[in-house]
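Colleague: I am new to this structure and would be grateful for a close look at a single part of it. Please take one residue as the starting point and then describe the surroundings in a connected account.

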Amino acid sequence: MCCERCPGATTANTRHIARRRLLKAALFQPDQAAQPDRVGQAGPRLAGGGPRPAGGPWSPGAFPAAAPVPATLYRAVTGQIIDVSPQVVVIGHEGGERRFALTADATAWRGGPLDPSALSIGDEAVVRLLPSRPGVADRIWANIGRVTGTVMVRDGDQLLVAEGTTKKPQTVIIPPAARVIIQVRFPTLQPGYLVDIIGIRHRDFLEGLTPATPQPNYRSDLMPKERQASGRLPETITGSATWHDSADEPYGVLGVCYPAIDPGARCREDSAAGYGPGAAPAFRDLPYLAIGTALNVRNECTGISWTLPVTGCAPIARLFNDRCVACRNSERGRVADLTLASFVALGGELEAGCFNATLTIGR
């Protein structure tokens, strides 16, 4: 049996090994002192660009050698707020803590914009650090969450949403004050229709406050098919890049879920749903990519780009025919579903939900 050291190893096997190494490098290796499963359980966690800080339970491992870290990348620290003032925020838990200075124009979000000093001790926070000043933060999101999927049940202002075959359904409760703004972009909050809602994360539900992107009003099982301008699929793809809630994945994961994984790789969601290779519903045709493919993602709103590995499929993203309006209308709908850390690293605003992106394959 061949392995990577056997003289007879095939080219395909070599490519498979390279992909495995890239995927392994996409996960920061935390110190043994802190290996939490959820936000805020064992001190602050750091992900994104910049040098490795020395010591402490927030220290990540080395960045992937295949993806040099640009000096323009932001970093994201996630954890629980244990102290906050107009000048400083302290993130941590019993496993450790770290103090960050706040810029004079630092802003915060907890269901809406507010001054950082108005945040509360105990809030679960995502703190964005400046690329050139790793001890300085300019943005804090508190208790932010997101639910993206198909409505299964509606009971008044409470929705039960399916985020995929392999994930448990999510409950969204929409306050009366938020109902109108959400229905501007998702006018039919009924079973079978798509929703994408950002809000405040509570223990058992999301308090839905704002819609992520405008979505045409059709059922997810009756979607139209986007027509290609020509039969050839380009290597450079423009469209909308979104982020997904990181509650069910290891912290610090850097990567992108892609809507068109090679059918030979059998997306786990498609297998669980009983779809054969290439038979799963999708609004648009995209070039097939394998897990581990290097994909350069450029945020056209900030000009920041970074090469990330494809870490999984995005079965919900490929159903959407929305347009990102973060800085201008995107040319196409969703082409990438980023991890939270990757989205922040590229300068994305979490409450906006998306940015206009250009994807370049193999660079």
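**A residue and its surroundings**

Modeller: Let us begin with Arg334, which is found in strand β17, a strand made up of residues 334-338. Please note that the model is a predicted one. Is Arg334 buried or exposed? Arg334 counts as buried because its relative accessible area is 2%, under the 20% limit that defines the term.

Two polar contacts of the side chain of Arg334 deserve attention. One joins it to the side chain of Asp322, at 2.7 Å. Another, at 3.1 Å, links the side chains of Arg334 and Thr213.

Strands β8 and β11 belong to a barrel of 5 strands, closed in the order β8-β9-β10-β12-β11 with mixed pairing. From one strand to the next, the twist averages 55 degrees.

Strands β9 (residues 158-162) and β10 (residues 170-173) run antiparallel and are joined by 4 bridges; Leu159 has Val172 of β10 as its bridge partner. Val172 in turn has a bridge partner in β12, namely Leu206, and β10 and β12 pair in the parallel sense over 2 bridges. Strand β12 pairs with β11 in the antiparallel sense, over 5 bridges. Gly199 and Gly208, the latter in β12, are bridge partners. With 4 residues between them, β11 and β12 form a hairpin.

Finally, the whole chain gives the setting. The protein chain has 4 helices and 18 strands, and 51% of its 363 residues count as buried. Of the contacts in the chain with a separation of 6 or more, 71% are between residues 24 or more positions apart. The chain exposes about 16300 Å², of which carbon and sulfur atoms supply 52%.

How values were computed. Residues numbered from 1 in each chain as written. Predicted model: local features only at pLDDT ≥ 70, side-chain atom pairs only at ≥ 80, totals over all residues. Heavy atoms only, no water. Pairing = 2+ DSSP bridges. Axes fitted to C-alpha atoms, helices over the stretch in contact; angles between N-to-C directions. Buried < 20%, exposed > 50% of the residue type's maximum accessible area, 1.4 Å probe, protein only. Polar contact = N/O pair within 3.5 Å; in protein donor to acceptor, adjacent residues only side chain to side chain. Contact = heavy atoms within 4.5 Å. Areas by Shrake-Rupley, 256 points an atom, 1.4 Å probe, with all protein chains shown as cover.
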